Amino acid sequence: VDDQIQASNAPAGKENGRDLPRAITPPPPPELEKFVQLARLGNMEKLQEEAHALAAASPGLQPFTNTISRLAAEFEDEKLLAFVLNCRRHGSEPVN
């Protein structure tokens with residue numbers, strides 16, 4: 001999942017000519033739990049709706065919401081659940 005997280009984000013900068021991934025900052029726990037529950041239910045449409053609403057309300061969370069939207073659009077339910085659980089495990093710290 002960590003590789004997938006890194007691959008799904010725009011580069012944050014360059015190191016020795018290589019792009020560096022940008023860390024993903026998850027939303028606050030109550031909001032994150034909503035994504036965990038929707039992922040467990042496999043409700044891809046609602047996940048996309050919630051991700052879009054969160055991105056509009058909190059632009060700084062776009063790396064998180066973009067990943068949710070992409071995985072939901074691709075019906076990657078197992079990867080999506082692993083992603084949100086990984087975010088929950090890291091708490092409010094950015095996930096690399």
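Which residue follows H2, and is its phi positive or negative?

Good morning, colleagues. The model before you is a predicted one. The protein contains five helices and two strands, and along the sequence these elements follow the pattern α-β-β-α-α-α-α. Of its 96 residues, 33% count as buried. Among contacts between residues at least 6 apart in sequence, 57% join residues at least 24 apart.

Let us turn to helix H2, which covers residues 29–41. This helix has 13 residues, and the distance from its first C-alpha to its last is 18 Å, close to the 18 Å expected at 1.5 Å a residue. Its buried residues are Leu32, Phe35, Val36, Leu38 and Ala39. The elements that cover these buried residues include H3, H4 and helix H5, residues 77–90. The opening question can now be answered: glycine 42 follows H2, and its phi is positive, near 75°.

I come next to two of those covering helices, H3 at residues 44–57 and H4 at residues 62–73. Their axes lie 9 Å apart, and the helices pack at an angle of about 160°. An angle over 145 degrees counts as roughly antiparallel, and H3 and H4 are therefore roughly antiparallel to each other. Their crossing is left-handed.

Which residues form this contact? From H3 come Met44, Leu47, Gln48, Ala51, Leu54 and Ala55. They meet Gln62, Phe64, Thr65, Ile68, Ser69, Ala72 and Ala73 in H4. The residues of this contact divide into nine nonpolar, four polar and no charged.

Conventions. Residues are numbered from 1 along each chain as its sequence is written. This is a predicted model: local features need pLDDT of at least 70, side-chain atom pairs count only at pLDDT 80 or more; totals for chains, interfaces and linings use all residues. Side-chain values use heavy atoms; hydrogens and water are left out. Axes are lines fitted to C-alpha atoms, for helices over the stretch in contact, and angles run from 0 to 180 degrees between N-to-C directions. Helices (H or I, at least four residues) and strands (E, at least two) are DSSP runs, numbered from the N terminus. Angles under 35 degrees count as roughly parallel, over 145 as roughly antiparallel, 65 to 115 as roughly perpendicular and the rest as oblique. A crossing is left-handed if the near helix is turned anticlockwise from the far one by less than a right angle, and right-handed if clockwise. Contact means heavy atoms within 4.5 Å. Ala, Val, Leu, Ile, Met, Phe, Trp, Tyr, Cys and Pro count as nonpolar, Asp, Glu, Lys and Arg as charged, and the others, Gly among them, as polar. The expected span of a helix is 1.5 Å times one less than its number of residues. Buried means under 20% relative accessible area, exposed over 50%, partly exposed in between (1.4 Å probe, protein chains only).
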